[in-house]
Every structure is written in C-alpha cells, then in structure tokens.
Amino acid sequence: MRTQFAALCYRLNNDKVQVLLVTSRRTRRWIIPKGWPMDGLTPGDSAAQEAWEEAGAKGRADQRPLGMFSYSKDMGDDAGLPVVAMVYALKVKSLAGDYPEASERKRKWVSRKKAAQMVDSPELARILRDFDPRYLA
C-alpha cells in the first residue's frame, strides 16, 4: 500500500461551494489532483503542488486531512498498485491558463453533489458530498 496526497480544490461562488475536478491523463475519468509525497513538503503542501501541476490552481492547503480514499493505481501491468490518498482542502485563490499539465487534462468547476456523482470512488464521493469549508476554521 502506497500513500498519495490529494487536493480538494474549492471556491465559493455566490455563497455556493464549488469543487474543481480534473481528468486523469490516461482514462480521462474525473478525479481530484493527487500525487506522491514530495521531499521537503508537508502532505498538505504536496497536495497544493499537485493542484498547481494538474489543474493550474493556486491557493493554500489546509494542513489537516479531510479524509482518505483508496484506489488501485494503474501502473501499466496487470495488477494495479494499491494506494490510499489523503485529501486536503485547498481554497483556490487563482486559476492559471498555463500550467504544467494543461495540455494533458480537462478541468471543471462543479457543485459538491455533482462532483460526487462524477468520480468513481465511493469514498471520494462521500468526502466531496460532505465537504463544508465553514468547518475548516
């Protein structure tokens, strides 16, 4: 079992919470930005770096995890690698048009309910549906 850090990127639009989903590079499924731990960065800061690379989202990640979900990462062979992803909230302050993986992914702002319907993982869907940034303070 390996660990990744994921960013639940969000904004408030007319007092409604919206979350930012991106497509995975190979299967084009809707996911949240996530990646492997990075030397010298906290788990929350690693999630924030992934949000920048995969979605062009800039903001500050909360350092307390919202929860976790597990999945099987496709590594190109028959057996997937079991991964647990720790999820960190990231309030998006700006969204860049040009970012490292812009040509490889699509991104989309949606409601929490819609995001929960779009992702494959039931565990991630629950985190998205239950997320309320008012409880982060």
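At 37% relative accessibility, Arg28 counts as partly exposed, a class that lies between buried (under 20% relative accessible area) and exposed (over 50%), computed with a 1.4 Å probe on protein chains only. Arg28 is placed in the loop between β2 and β3, where helices (H or I, at least four residues) and strands (E, at least two) are DSSP runs numbered from the N terminus. The phi angle of Arg28 is near 65°, a positive value in a residue other than glycine.

Asn14 also has a positive phi, near 55°, and is likewise a residue other than glycine. Asn14 lies in the loop between β1 (2-13) and β2, and it is exposed, with a relative accessible area of 73%.

## Basis of the values

This is a predicted model, in which local features need pLDDT of at least 70 and side-chain atom pairs count only at pLDDT 80 or more, while totals for chains, interfaces and linings use all residues. Residues are numbered from 1 along each chain as its sequence is written, and side-chain values use heavy atoms, with hydrogens and water left out.

## Salt bridges

Side chains of opposite charge can pair when their charged atoms come close. The structure holds 7 salt bridges, each being a side-chain nitrogen of Lys or Arg within 4 Å of a carboxyl oxygen of Asp or Glu. One of them joins the side chains of Asp120 and Arg29, at 3.4 Å from N to O. This pair links distant parts of the chain, since Asp120 belongs to the loop between α2 (112-118) and α3 (122-130) and Arg29 to the loop between β2 (16-23) and β3 (30-31), 91 residues apart. Asp120 is exposed, with a relative accessible area of 52%, whereas Arg29 is partly exposed at 37%.

A network of salt bridges links Arg25, Glu54, Glu101, Glu104 and Arg105. Within this group, the closest N and O atoms of Glu54 and Arg105 are 3.6 Å apart, and the pair connects distant parts of the chain, with Glu54 in helix α1 (residues 43-55) and Arg105 in the loop between β7 (81-95) and β8 (107-111), 51 residues apart. Arg105 also meets Glu101 in a salt bridge, at 2.5 Å from N to O. Glu54 and Arg105 are both buried, the relative accessibility of Arg105 being 9%, and Glu101 is buried as well, with a relative accessible area of 10%.

## Lys34, a buried charge without a salt bridge

Which side chain of opposite charge is nearest to Lys34? It is Glu54, 6.1 Å away, and Lys34 is buried yet has no salt bridge; in this count Lys and Arg are positive and Asp and Glu negative, while His and the chain ends are not counted. Lys34 is found in strand β4 (residues 34-35). Not counting residues up to four places away in sequence, Lys34 touches Gln4, Phe5, Ala6, Glu50, Glu54, Phe69, Tyr71 and Ala85, contact meaning heavy atoms within 4.5 Å.

Gln18, in strand β2, is buried, with a relative accessible area of 16%. Its side chain makes a polar contact of 2.7 Å with the side chain of Arg11, and another, of 3.4 Å, joins the side chains of Gln18 and Asn13. A polar contact is a pair of N or O atoms within 3.5 Å; within protein, one must be able to donate a hydrogen and the other to accept it, and residues adjacent in sequence count only if both atoms are side-chain atoms. Leaving aside neighbours within four places in sequence, Gln18 is in contact with Cys9, Tyr10, Arg11, Asn13, Trp109 and Val110.

Ala115, in helix α2, is buried, with a relative accessible area of 0%. Although 97 residues separate Ala115 from Gln18 in sequence, their C-alpha atoms are 8.7 Å apart in space. Beyond neighbours within four places in sequence, Ala115 is in contact with Val19, Leu21, Val110 and Leu128.

## Charges over rings

Arg2 lies over the face of Trp36, at 4.4 Å from the ring centre, and Lys58 lies over the face of Trp52, at 4.7 Å from the ring centre. A charge sits over a ring if NZ of Lys or CZ of Arg is within 6 Å of the ring centre and within 35 degrees of the ring normal.
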